[in-house]
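Student: Could you walk me through this model, strand by strand and then helix by helix? I'd like the cut-offs spelled out as we go.

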Amino acid sequence: MSSRLDALLESLQRVIVEPLGRLIAAAAAGVRALGAAAYRRRWHVGIVALLALIAYGLYTHPPFATVRRGEVLVRTDVLDGSVTVFTGGTVPVLPGIHQVRCYSIRDQVYRPAESATATGPAPFQSIEGLSIGVDLTVRWTIDRARLAQMSKEFPDDLNEDLVAPAVQGVIFPLFARYSVREIFSRRRSEIQQELMTELEPKFTAMGLVLRGVDMGKVDLPPDYRAGMEKLLSEELETEKVHYTLELKEADVKQRQLEAEADKVRRQTAAEAAGAEQVIAARAQEETMKHILPFKQKQIEQRQLEAEADKVARIRTAEGAAEARRIEARGEADSRQKLADAEAYRLDLVGKANAGQMDREGAIVARYPLLIQKTLADKLSDKVQVIIAPMPAAGRFLGSNLIGTQGLTGLDETAGAEPRAKTPSSP
């Protein structure tokens, strides 16, 4: 048993303990060598460690900040306390020297949700001591002109740390000065205007700009709401009757005034009509004094115009007759000249034709075959013509083509004139 245990321990020492001892010795030697090398290159190691530390610091605290759309960036210098406002682009930020905060320049909304209902945790109290809820909305934004001045005093959450206390310090005392009925129906716009008037200087002092205050739904206790609605309906009915009576009274007064106005209008119209007739008669009398001489002048003018028209027509007729005579003479002269020209042209044409015939007769007498050639040229597209030499004296013109048969009859008839046979067209 002890021999086996010794063998096992020996094998364990050989397999595990000895390699582990060698590994530890090699690791220690490596650490000593690394420490010696690091000691020899301690400046390089220090520079690398410093660069790594700087890179980590730049990663965790980047030296640049970007201004997003709808925001402004306020950079505060810790050394001299100066504040710079940037509205766009990329801004350099030195860690430890500059502090950067971003503010939204869009309209922001504050709503006191705890006071929106009459059963909420913080309802409003009316002058009667009743709890009411009002859905109130306050719209505000940052005053960009005073942002550099007020940015050091701004808390992290402007809505909760600045706007909420200012609004609550005004709305609770204001609603406590009015009754539920006034808040619910009658003086809502007046209350809204008072809220804006009291909140605006406070917002201005805090470096904010008040855009507006809106009052929404007014929540009342159920029993009081039912009674209020009933009372309002009765008041509306009473006011309706009151307005109806006023309308009827105004209608009666209007009819009386219309009757009196109609009476005065008729009297005025009658007086105006009488005065108009008198004025018209006088005007007509005055007009006739001027019209009669004018009519006389018109008659004289028409007579003179008639005489002038008569003289003009006579002169026009004489001119037309003279023009016709001139035209007739011109037409006769033109025809005579045309006849002379035609006679001269016919004389020249006759002389030219006679000379042409003389020349053609001389040519034909000199060249007898020219007649047959001319005839053949004229009939070349219709008749087939054969040119043959001239026959003997007293012979038929085509005897050289058809021979002497059948010419005995021609020989027996003495004194008969031979006739030339025209070849038929193919």
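Student: Which strands make up the open sheet, and in what order?
Tutor: In this predicted model, 3 strands form an open sheet in the order E3-E2-E5, with antiparallel pairing. Strands here are DSSP runs of E with at least two residues, helices are runs of H or I with at least four residues, and both are numbered from the N terminus; two strands count as paired if DSSP finds at least two bridges between them.

Student: And which strands are at the edges?
Tutor: Strand E3 (83-86) and strand E5 (98-104) are the edge strands, each with a single partner strand, so one side of each has no neighbour in the sheet. On average, neighbouring strands of this sheet are turned by 20° against each other, direction ignored, where axes are lines fitted to C-alpha atoms, for helices over the stretch in contact, and angles between N-to-C directions run from 0 to 180 degrees.

Student: How many bridges join E2 to E3?
Tutor: There are 4 bridges between E2 and E3, which run antiparallel; leucine 73 stands opposite phenylalanine 86 in E3, and arginine 75 has threonine 84 in E3 as its bridge partner. These two strands form a hairpin with 5 residues between them, and glycine 81 in the turn has a positive phi of about 75°.

Student: What about E2 with E5, how many bridges there?
Tutor: E2 and E5 pair in the antiparallel sense over 7 bridges, and the bridge partner of valine 74 in E5 is arginine 101.

Student: Are the two faces of E2 covered or exposed?
Tutor: Both faces of E2 are covered, with Glu71, Leu73, Arg75 and Asp77 buried on one side and Val72, Val74 and Thr76 buried on the other. Buried means under 20% relative accessible area, exposed means over 50%, and partly exposed lies in between, using a 1.4 Å probe and protein chains only.

Student: Switching to E8, which strands does it pair with?
Tutor: Strand E8 (residues 131-142) has 9 of its 12 residues buried. It pairs in the antiparallel sense with strand E6 (residues 108-110) over 3 bridges, with strand E7 (residues 124-125) over 2 bridges, and with strand E9 (residues 208-219) over 9 bridges.

Student: What sits in the loop between E7 and E8?
Tutor: Isoleucine 127 is found in that loop, and E7 and E8 form a hairpin with 5 residues between them, in whose turn glycine 129 has a positive phi of about 90°. Isoleucine 127 is exposed, with a relative accessible area of 54%.

Student: So what does isoleucine 127 touch?
Tutor: Not counting residues up to four places away in sequence, isoleucine 127 touches Phe175, Ala176, Arg177, Tyr178 and Ser179, where contact means heavy atoms within 4.5 Å.

Student: OK, the core. Which residues have the most contacts inside the largest one?
Tutor: The largest nonpolar core has 40 residues, and Phe154 and Phe203 have the most contacts inside it. Helix H4 (158-175) is one of the elements that give two or more residues to this core, and H4 gives the most, with 10 residues. A nonpolar core is a set of buried Ala, Val, Leu, Ile, Met, Phe, Trp, Tyr and Cys residues joined through side-chain atoms within 4.5 Å.

Student: How do H4 and H6 pack?
Tutor: H4 and H6 pack at an angle of about 145°, with their axes 10 Å apart. The residues of this contact divide into 11 nonpolar, 1 polar and 3 charged, counting Ala, Val, Leu, Ile, Met, Phe, Trp, Tyr, Cys and Pro as nonpolar, Asp, Glu, Lys and Arg as charged, and the others, Gly among them, as polar.

Note on methods:
Residues are numbered from 1 along each chain as its sequence is written. This is a predicted model: local features need pLDDT of at least 70, side-chain atom pairs count only at pLDDT 80 or more; totals for chains, interfaces and linings use all residues. Side-chain values use heavy atoms; hydrogens and water are left out.
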